[in-house]
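Me: I would like to learn how to read the features of a protein model, one at a time. Could you take me through this one slowly?

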Amino acid sequence: MNSDYNEKVKEMKKLATNIRINTLKSLTNLGFGHYGGSLSIVEILAVLYGGIMNINPKNPHWEERDYFVLSKGHAGPTLYATLALKGFFPLEEIYTLNQNGTNLPSHPDRLKTKGVDATTGSLGQGISIATGIAKALQMDKKSNRVFCIVGDGEINEGQCWEAFQFIAHHNLNNLTVFLDYNKKQLDGALDEIIKPFSFEEKMKAFGFDTVTVKGNDIEKMYDILKVPRKNNEKPLFVILDTIKGQGVKYIENMKNSHHLRLTDEMKQEIEKVIKKLESEVE
């Protein structure tokens, strides 16, 4: 590997650590929130915003930008930490998360937060928004790319599958879909609620090129994404094999970390993790 590649990977890994630190800080300052599903998308956001996407923090509505849609909108705290670290707004704003008058509501709102391309949170709808953006860009013969993260619990919603059919039928290979396969959802384990069987087989049958990658493998994700799809290639569906609470063993080991309301003990444990992570990036 050449030095530029190695340096880029190093930068993305450092960005991931800083995203995780600031996601934890914003949620812990608030005292409650969606820890598990926020932490499981840290690395993919580090890759997208640190190595793949064309963005301009000084001009969030830049017409040549790539678009990102967080369909699983409850993971908004991680997106906010990412946007702040990339310079869309001051980092200290993350401490206003979900408070009165904030520009950082519980779920992303494109009318409030600089850098947010789509308002999401009603599960199942974000992928349809991303599909519409991609189709419009395709019709206008634009080269902008679109990226969308859906949750593995979220795709219990039928609307997701309607969008997937549309994406494949219209060959929207300017859109990459990521599945945060952390195997847990609001009410418990994925297999217990609605068994998904094989996501790879399903998405291949729907007309996608499908790949599974460890959700913390920054190099592999970067390699998969760094070259845009060619005109004759199918849309890409990336299954991110993640862990709910990823990167924080204390939260990974919880039976249910979807939404936490912190006790004093939990807060102390998470603050220990923050200090450890901060020492790694100093």
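**Reading buried rings and their neighbours**

Reply: Let us begin with two residues, Phe164 and Phe237, which are both buried, where buried means under 20% relative accessible area, exposed over 50% and partly exposed in between, using a 1.4 Å probe and protein chains only. Residues are numbered from 1 along each chain as its sequence is written, and side-chain values use heavy atoms, with hydrogens and water left out. This is a predicted model, in which local features need pLDDT of at least 70 and side-chain atom pairs count only at pLDDT 80 or more, while totals for chains, interfaces and linings use all residues.

Me: How many aromatic pairs does the structure hold?

Reply: Rings of Phe, Tyr and Trp (its six-membered ring) pair if their centres lie within 6.5 Å, and planes under 30 degrees apart count as stacked, over 60 as edge-to-face and the rest as tilted. The structure holds 9 aromatic pairs. In one of them, the ring centres of Phe147 and Phe178 are 6.3 Å apart and the planes stand at 25 degrees, so this pair is stacked. The pair links distant parts of the chain, since Phe147 lies in strand E3 (residues 146–151) and Phe178 in strand E4 (residues 175–181), 31 residues apart; helices (H or I, at least four residues) and strands (E, at least two) are DSSP runs, numbered from the N terminus. Phe147 counts as buried because its relative accessibility is 0%, and Phe178 is buried with a relative accessible area of 1%.

Me: Which kind of pair do Phe164 and Phe237 form?

Reply: Phe164 and Phe237 form an edge-to-face pair, with 5.7 Å from centre to centre and 85 degrees between the planes. This pair also links distant parts of the chain, for Phe164 is in helix H6 (residues 158–169) and Phe237 in strand E8 (residues 236–241), 73 residues apart.

Me: How should I describe H6 and H8, and where do they meet?

Reply: Two packed helices are described by the angle between their axes and the distance between the axes. Axes are lines fitted to C-alpha atoms, for helices over the stretch in contact, and angles run from 0 to 180 degrees between N-to-C directions. The axes of H6 and helix H8 (residues 199–206) come within 9 Å and cross at roughly 50 degrees. H6 and H8 are therefore oblique to each other, given that angles under 35 degrees count as roughly parallel, over 145 as roughly antiparallel, 65 to 115 as roughly perpendicular and the rest as oblique. Trp161, Phe164, Gln165 and Ala168 in H6 meet Lys202, Met203 and Phe206 in H8, with contact meaning heavy atoms within 4.5 Å.

Me: Is Lys244 buried or exposed, and which residues does Lys244 touch?

Reply: Lys244, found in the loop between E8 and helix H10 (249–252), counts as buried because its relative accessibility is 5%. Lys244 and Gly37 are 207 residues apart in sequence, yet 5.7 Å apart in space, C-alpha to C-alpha. Leaving out residues up to four places away in sequence, the residues that Lys244 touches include Gly36, Gly37, Asn182 and His258.

Me: Where is Thr23 found, and what does Thr23 touch?

Reply: Thr23 is found in helix H1 (residues 3–30) and is buried, with a relative accessible area of 0%. Among the residues that Thr23 touches, not counting those up to four places away in sequence, are Ser38, Leu39 and Pro77.
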